[in-house]
Amino acid sequence: MTDRKDTGVPESKKTYALPIGPQHPALLESENLEVFLDGEVISDVNVNVGYLHRGIERSLQNRNYIQGIYLAERICGICSGVHTISYCQTVENLLEIEVPERAKYIRTIIGELERIHSHMLWAGVLAHEIGFDTLFQVVWRDREYVMDILEQLTGNRVNYSMVTIGGVRRDISGNAIPHVFNIANLLEERIRNHAKVFLGDKLLLSRTSGTGPLKNSDAEEFSLVGPLARASGVKYDIRKDHPYAAYDQVEWASVSNRGCDAQARIAVRMQELMQSTGIIKACLLKLSDLRSKCRIEGKISAVKPNEAVSRAEAPRGELIYYARSNGTDHPERIKIRTPTYSNLLALKPMLKGQYLSDLPLIVASLDPCFSCTDRVALVDTSTWERKSLNEQEFRKLIDDPKYRRAPA
Amino acid sequence: MITLDFLFQMFVFPGLLFLLGISLLYMGILRKLTARMQNRIGPPIWQPFLDVLKLFSKENINPENSRPGFTLWPMVALASTLVLALMIPVAGTAPLSTSVDAIVIIYFFALTSLSMFMAGLSSANPFAVTGSVRGLVQIFAYEFPFIVSMIVPLMFAGTLSPAGVSAYQAQAGWMLFSFPVAAVVFFLAMLAKIELPPFHVPDAHQEIVGGYHVEYSGTRYAFMEVARAVKLFVLISLSIALFFGGTANIFLFIGESLVILFILAMIRTVAARTRINQVLKLYWILGLIALIELVIRLLI
């Protein structure tokens, strides 16, 4: 796949090549890291993506806008909610419609519940990767509270099917609010305890502090997003900078840290968890004052030719959807950029010069979600060979009129 | 002269049959205890027996580039741990005990660890090789504090066999109370020897996919697993003989060993994995502490 000469490391340095993946316990999904070792120290790493390409963007073109919601939801198993939020916002922008206030608040609640469940899942995985299985078990036990609330509010634990074009499909009833409020309080207490262990345990600290360094300048240069960038001092949060749903109507603070290591990433996510419970509680309090309408009625038969972009802050960072309509009920093109795709670039500076023992920890501190990431795979259909392109080749390809569609 | 009594001691109690049974049982208890401490239900305590039985019925897969030692080393590992077990008093009986046990014990302990890692090296897998190299580095770390902390009770009992230390303790009281520092160092070195968290560096599942035993399957893997289980029991009985009074009462012995097992499970529960350089640093400091204690005790 990737040519080894491209790495810019002299041959003598590549003493020992260790294939991490496509199947490896440190990676929860199939991806290949080609690690070059100098003893126990990593001298270089090649990241090979493309094992999980599912052709989602092409499939979205073959479905109408409503069917697209269900497909977008299944791009990622963990951040399924924010994918539907982002997709529906894009289509709403295409249609140029405004969502009822109540729906915005409910979307915010779902998005934040999902963030809590995702960050807690991540914290458990991280503890497991350090070899601290007890913490992993305990964090995941408490994560069940969020899963239960999500099930109570939406009917599903994973793919919530809550968000739809023009609003949300279910209302949050008045009876459910006190229960969710209590659980949010309980979670706050539990998360505070977990944070105490994650940021106070001597053995954990000796593993995490200074591990996987990512300079502030590198984070800015690579345009990193999400908690990874915020842990390197880049104050970039879509919820604050380009608010969607009801994020600009409740009080909360964007978290950032200048620690630039794995410990800072833990700290940022732990603080984000506390912020999330705060946002949920604030939204729940406001829900009772709003009118009960939570969805625009109406059918989508045809969408006039238009272009739209929408962004949302997924648990892992900025999620971008771009859509173009052509007057039918099928989209002409939908382009998705998931946060992990931009964050993967950070693996190289983070891993170089680190111990192999810390590789699972560093990869986990990035919180990768590979199945969301794989958008394009280039396959020569005559030989079934896969290839990768450099920048010039790619530019030549997109300028080639052969691959251009006629305007609608 | 081989008597019926000697054969009974070799093969039934505290020999082969008892050893294999109690070692696997202790492994099961350790797993169950850890699971309960981690909020899990955990496997039944006889699970290691089922695992080993199943492994014996499985196919032996030989990797293409493996060296001849691939088959040999697991057997050496098991054989050396079993011989080791026969030299350490279990409830006051040690069938192979001589007057110079301690030196042989130190060598056989090195051999058990070494054969495990040689097994990894001979399987020609990058993960196994990395694990083995880590294991060999770890031997350099813990062997010195282990030996020094073992010398302390031996020297003050004026003997070269754990059985002698047990006899000495019967009059002079537990070595744990007279030499607490050596006992703690011994206990920590013991953790690294059986590769329990926080020192499960050579077989780190998340980093190197199980390390040195990654290529092993079937009977050979069963040998390695049994060897590890026996090693756990041997270390517990050695620590009882050296520091915890070395009782001749079998019930007291089992009680004491279960307490040690409980402490091991607790440490296993509350610890994250260390890095290999941290292991080295820690054990050299521990070795120095043990050495300083030894020198001070000799001077006073």
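In the predicted model, 23 residues of chain B are in contact with 24 residues of chain A, two residues being in contact if their C-beta atoms, placed from the backbone, lie within 7 Å. On the side of chain B that touches chain A, at least two residues each are supplied by α6 (126-157), α10 (205-208), α12 and α13 (276-299) of chain B. Helices (H or I, at least four residues) and strands (E, at least two) are DSSP runs, numbered from the N terminus. The largest share of this side, 3 residues, comes from α10(B). By class, the side of chain B that touches chain A divides into 10 nonpolar, 9 polar and 4 charged residues; Ala, Val, Leu, Ile, Met, Phe, Trp, Tyr, Cys and Pro count as nonpolar, Asp, Glu, Lys and Arg as charged, and the others, Gly among them, as polar.

This is a predicted model, in which local features need pLDDT of at least 70 and side-chain atom pairs count only at pLDDT 80 or more, while totals for chains, interfaces and linings use all residues. Residues are numbered from 1 along each chain as its sequence is written, and chains are lettered from A and ligands numbered from 1 in the order in which they are written.

Helix α12 of chain B (residues 250-270) has 21 residues. From its first C-alpha to its last, α12(B) reaches 30 Å, close to the expected 30 Å, the expected span being 1.5 Å times one less than the number of residues. The buried residues of α12(B) are F253(B), S257(B), L264(B), A265(B) and R268(B). They lie on the same side of α12(B) because they cover an arc of only 110° around the axis, the arc being that of the directions from the helix axis to the C-beta atoms. On the other side of α12(B), F251(B), G255(B) and I263(B) are exposed. A residue is buried if 20 or more other C-beta atoms lie within 10 Å of its own, exposed if 12 or fewer, and partly exposed in between. The cover over the buried residues of α12(B) includes α2 (16-37) and α11 (218-243) of chain B.

I240(B) is placed in helix α11 of chain B. I240(B) is buried because 25 other C-beta atoms lie within 10 Å. Apart from neighbours within four places in sequence, I240(B) is in contact with G246(B), F253(B), E256(B) and S257(B). The C-alpha atoms of I240(B) and W174(B) are separated by 9.6 Å, and these residues are 66 residues apart along the chain.

Chain A contains 16 helices and 10 strands. Its radius of gyration, 22 Å, is close to the 22 Å that the globule rule gives for 408 residues, so chain A is as compact as a globular protein of that length. The radius is taken over C-alpha atoms, and the rule is 2.2 Å times the number of residues to the power 0.38. The C-alpha trace of chain A spans about 70 × 60 × 30 Å along its principal axes. Of the 408 residues in chain A, 46% are buried.

Chain A is divided into domain 1 (4-51 + 345-379) and domain 2 (56-339), with bounds from an automatic or database domain assignment. In chain A, 19 residues of domain 1 are in contact with 23 residues of domain 2. On the side of domain 1 of chain A that touches domain 2 of chain A, α14(A) gives the most, with 6 residues.
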